[in-house]
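Let's take a friendly tour of a protein model, looking at its pockets and then at one residue. Keep the structure open beside you as you read.

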Amino acid sequence: PTARMLTGFLAPTEGRAVVAGFDVARSPSAARRHIGVVPEEANVYADLTVRQNVLLMAELHGVAKVERQQRCTELLQTFDLDSRAKQKGRELSKGLRQRLMLCMALVSSPQILFLDEPTSGLDVASTRMIREVIASMNRKQGMTVFLTTHNMDEADQLCHRVAIIDCGQLAAIDTPVALRGRVD
C-alpha cells in the first residue's frame with residue numbers, strides 16, 4: 001500500500017504523501033511526471049509490438065517525438081529486446097514482459113522508479129539483467145529506486161537503505177548491513 005499511495009493509486013490513509021516535492025493528492029499529475037512504475041504483474045499492451053508499447057508510454061508522458069525514438073531504441077538495446085521490437089506483447093515470456101515494463105517505465109527518464117517485486121518468478125538471466133540495469137541507473141544517473149521485495153538478498157544487492165514495514169507500521173529503517181547486524 002505504501003508504494004501505491006506514493007504513486008497516487010491509493011489515497012493516503014493519514015498524513016500526506018510527497019514525491020519529488022509534489023503532494024500526490026493535491027498535484028497527482030505533477031508528481032507522476034517524475035515517476036516510473038513497474039507493478040508486480042507485467043501489464044503490457046498485448047496487441048502492440050514491443051516498440052509500440054515503449055513509444056506509447058513515451059507519448060503519454062509527453063516525451064518529444066525525436067527523443068521518443070532515441071530513448072526507445074536505447075532502452076530496447078539495454079534490456080536486450082531490440083531483436084524482439086516487432087513482436088507483440090502477448091508473445092513474450094514473463095521475463096521479457098518484465099523487461100519491457102522497465103523500458104516503458106524508464107522511457108520518460110523518471111527521477112524515481114517504483115518497482116514492485118521486479119524479479120519475482122523470473123528466470124536467472126532476466127533477474128540478473130534487471131538487477132544490473134537498476135543498480136547501474138541508480139549509480140550513474142542518480143535515479144532513486146523504491147523497491148518492494150520480500151527477497152532480502154535482492155534488497156541487499158540493490159538498496160542503500162531498507163525499511164521494514166509490518167502491518168502498515170514502519171518497524172525499522174537502516175542500511176542492509178546494520179539491519180542484518182540487529183538480527184545476528
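This is a predicted model: local features need pLDDT of at least 70, side-chain atom pairs count only at pLDDT 80 or more; totals for chains, interfaces and linings use all residues.

**The largest pocket**
- This pocket has a volume of about 1600 Å³.
- Its lining is made up of 45 residues, and T2, A3, F146, T148 and I165 are the closest to the centre.
- Elements that give two or more residues to this lining include α1 (2-6), β5 (144-148), α7 (152-158) and β6 (162-166).
- Sorted by class, the lining of the largest pocket holds 28 nonpolar, 12 polar and 5 charged residues.

**The second largest pocket**
- About 470 Å³ of space lies here.
- Of the 17 residues that line the second largest pocket, F9, I35, V37, M57 and H61 lie nearest its centre.
- Two or more lining residues come from each of β3, α3 (50-60) and α5 (94-106).
- The classes in this second lining are 10 nonpolar, 5 polar and 2 charged residues.

**A closer look at T7**
- Is T7 buried or exposed? T7 counts as buried because its relative accessibility is 5%, and buried means under 20%.
- The T7 side chain reaches the backbone oxygen of R4 at 3.3 Å.
- Leaving aside residues up to four places away in sequence, T7 touches R32, I35, V37 and F114.
- Two of these partners, I35 and V37, are also among the residues nearest the centre of the second largest pocket.

Conventions: Residues are numbered from 1 along each chain as its sequence is written. Side-chain values use heavy atoms; hydrogens and water are left out. On a 1 Å grid over the protein atoms alone, a cavity is a set of points where a 1.4 Å probe fits but cannot get out, and a pocket is an open set with protein on both sides within 12 Å along at least five of seven lines; lining residues have an atom within 4 Å of a point. Grid points are joined across faces, edges and corners, and a volume is the space filled by probe spheres set on the points. Helices (H or I, at least four residues) and strands (E, at least two) are DSSP runs, numbered from the N terminus. Ala, Val, Leu, Ile, Met, Phe, Trp, Tyr, Cys and Pro count as nonpolar, Asp, Glu, Lys and Arg as charged, and the others, Gly among them, as polar. Buried means under 20% relative accessible area, exposed over 50%, partly exposed in between (1.4 Å probe, protein chains only). A polar contact is a pair of N or O atoms within 3.5 Å; within protein, one must be able to donate a hydrogen and the other to accept it, and residues adjacent in sequence count only if both atoms are side-chain atoms. Contact means heavy atoms within 4.5 Å.
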